[in-house]
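Trainee: I'd like to learn how to read a protein model feature by feature. Could you walk me through one?

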Amino acid sequence: MAERNSTRVTEFILLGFLVHREIEIILFLLILVVYTLTLVGNIGMISLIRLDARLHTPMYFFLSNLAFVDLCYSSSIAPKLLETLLTKHRSIPFFACATQLGFFLNFLILEMFLLVVMAYDHYVAICNPLLYMVVISRKVCVQLVVGPYLYSFSVALLHIVVTFRLIYCGPNIINHFYCDDVPLMALACSDTSLKEILIFIFAEFNMISSLTIVLISYLYIVAAILRIQSTEGRCKAFSACASHLTAVTIFYGTLIFIYLQPKSNHSLDTDKMASVFYTIVIPLLNPMIYSLRNQEVKNALRKAIEKCYVLPLKNFKK
């Protein structure tokens, strides 16, 4: 045991993408642009919601939290990936790896259940519009958001403790571009059965429970929309939840593609590309989806631009 302890791994090497240097530079530029737009889009969304009083509603409260999660979610992965692509500095200290995994799991689970909360919000708004402000009160809004924060933090912390209590004494090369559970577990020298059970239980529970609630909510929403007599009313009701439905489809579609692939078709390279999509691209898509399809957000953006540029220009002319 003393010999094993003396050879424990103190850092890991992120293998990343096994491509030519020219392609790495192209990937760096693409991801840098996407990450910059993600920062601008999500910080912009949070700022608009805070500054415009017309957006101080439960729906936009949940949306601002989703934008915050997307911002943190992307920031837990993108900076290290950009450093790796640009400098080829692939090492990551043991505790930095634990921190990255913790943030990644925390915000991934949090995004899942915030999408559930938003589905419930749409369900109440469309199926029980007269009771909406009673059911989705300010206190309930806070509870609906705090619950997922506490749950995701607890699950991520449990995974971190179990993962980094394992003994890593041999190879330290992680076949991924960030510290992920499964590649890390493959490097462990000790028994990983508890970790495997935890991954199975929480992955199944999180995916099935969240997706089931979203699907049930939308079954009730569709039924309520079909009962609306006027075509205009139906279109208005559907457009109210179209952005959220698009975000849910993209997010869960990507996760299902990764985790439900047949083993015969399973490829680490495919996993890496899919991981780029849901860790880097989806956090960019969400603010675009909610702004481009939402007239209230577009009006708030137009008003903010007028305040920033038009009014100072008028004062300058005077």
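**Reading the model together**

Mentor: Gladly! Leaving out residues up to four places away in sequence, S217 touches A119, Y120 and Y123. Keep in mind as we go that this is a predicted model.

Trainee: Where does S217 lie, and is S217 buried or exposed?

Mentor: S217 lies in helix α9. Its relative accessible area is 7%, so S217 is buried.

Trainee: Let me step back for the overview. How many helices and strands does the protein have?

Mentor: There are twelve helices and three strands. Of the 318 residues, 45% count as buried. The accessible surface comes to about 17,100 Å², and 70% of that belongs to carbon and sulfur atoms. For contacts between residues at least 6 apart in sequence, 78% join residues at least 24 apart.

Trainee: How do I read the sheet, and in what order do the strands come?

Mentor: The general idea is that strands of a sheet pair through backbone hydrogen bonds, either parallel or antiparallel. Here three strands form an open sheet in the order β2-β1-β3, with mixed pairing. The edge strands are β2 (91-93) and β3 (173-174), each of which pairs on one side only.

Trainee: Which helix packs on the sheet?

Mentor: Helix α5 (residues 94-127) does, touching β1, β2 and β3. The direction of α5 makes about 85 degrees with that of β2.

Trainee: And how does β1 run relative to β2 and to β3?

Mentor: Strand β1 (residues 11-14) and β2 run antiparallel, joined by three bridges. By contrast, β1 and β3 run parallel, and two bridges join them.

Trainee: Which residues of β1 are on the covered face, and which on the uncovered one?

Mentor: In a regular strand the side chains alternate between the two faces of the sheet. In β1, F12 and L14 make up the covered face, while E11 and I13 make up the uncovered one.

Trainee: Let's turn to aromatic rings. How many aromatic pairs does the structure hold?

Mentor: The structure holds 18 aromatic pairs. Take F94 and F164: their ring centres are 5.0 Å apart and their planes stand at 85 degrees, so the pair is edge-to-face. The pair links distant parts of the chain, with F94 in helix α5 and F164 in the loop between α7 (138-163) and β3, 70 residues apart.

Trainee: Are F94 and F164 buried or exposed?

Mentor: F94 has a relative accessible area of 15% and is buried. F164, at 14% relative accessibility, counts as buried too.

A second pair to look at is F113 and Y151, whose ring centres are 5.4 Å apart with planes at 80 degrees, so the pair is edge-to-face. F113 lies in helix α5 and Y151 in helix α7, so this pair ties together parts that are 38 residues apart in sequence.

Trainee: Which rings do the pairs link into a cluster?

Mentor: Ring pairs link F17, Y73, F104, F177, Y178 and Y278 into a cluster.

Trainee: How should I read a helix for buried positions?

Mentor: An α-helix has 3.6 residues a turn, so residues three or four places apart point the same way. In helix α4 (residues 78-87), the buried residues are A78, K80, L81, L82, T84 and L85. Just after α4, K88 takes a positive phi of about 60 degrees.

Trainee: One last stop, a loop residue. Where is L187, and what is L187 in contact with?

Mentor: L187 sits in the loop between α8 (181-185) and α9 (193-226). Relative accessibility is 12% there, so L187 counts as buried. Setting aside neighbours within four places in sequence, L187 is in contact with F12, Y168, P171, N172, I173 and I174. L187 and P171 are 16 residues apart in sequence, and their C-alpha atoms are 6.4 Å apart in space.

How values were computed:
Residues are numbered from 1 along each chain as its sequence is written. Side-chain values use heavy atoms; hydrogens and water are left out. Helices (H or I, at least four residues) and strands (E, at least two) are DSSP runs, numbered from the N terminus. Buried means under 20% relative accessible area, exposed over 50%, partly exposed in between (1.4 Å probe, protein chains only). Contact means heavy atoms within 4.5 Å. Accessible areas come from the Shrake-Rupley method with a 1.4 Å probe; for residues, only the protein chains shown count as cover. Two strands pair if DSSP finds at least two bridges between them. Axes are lines fitted to C-alpha atoms, for helices over the stretch in contact, and angles run from 0 to 180 degrees between N-to-C directions. Rings of Phe, Tyr and Trp (its six-membered ring) pair if their centres lie within 6.5 Å; planes under 30 degrees apart count as stacked, over 60 as edge-to-face and the rest as tilted.
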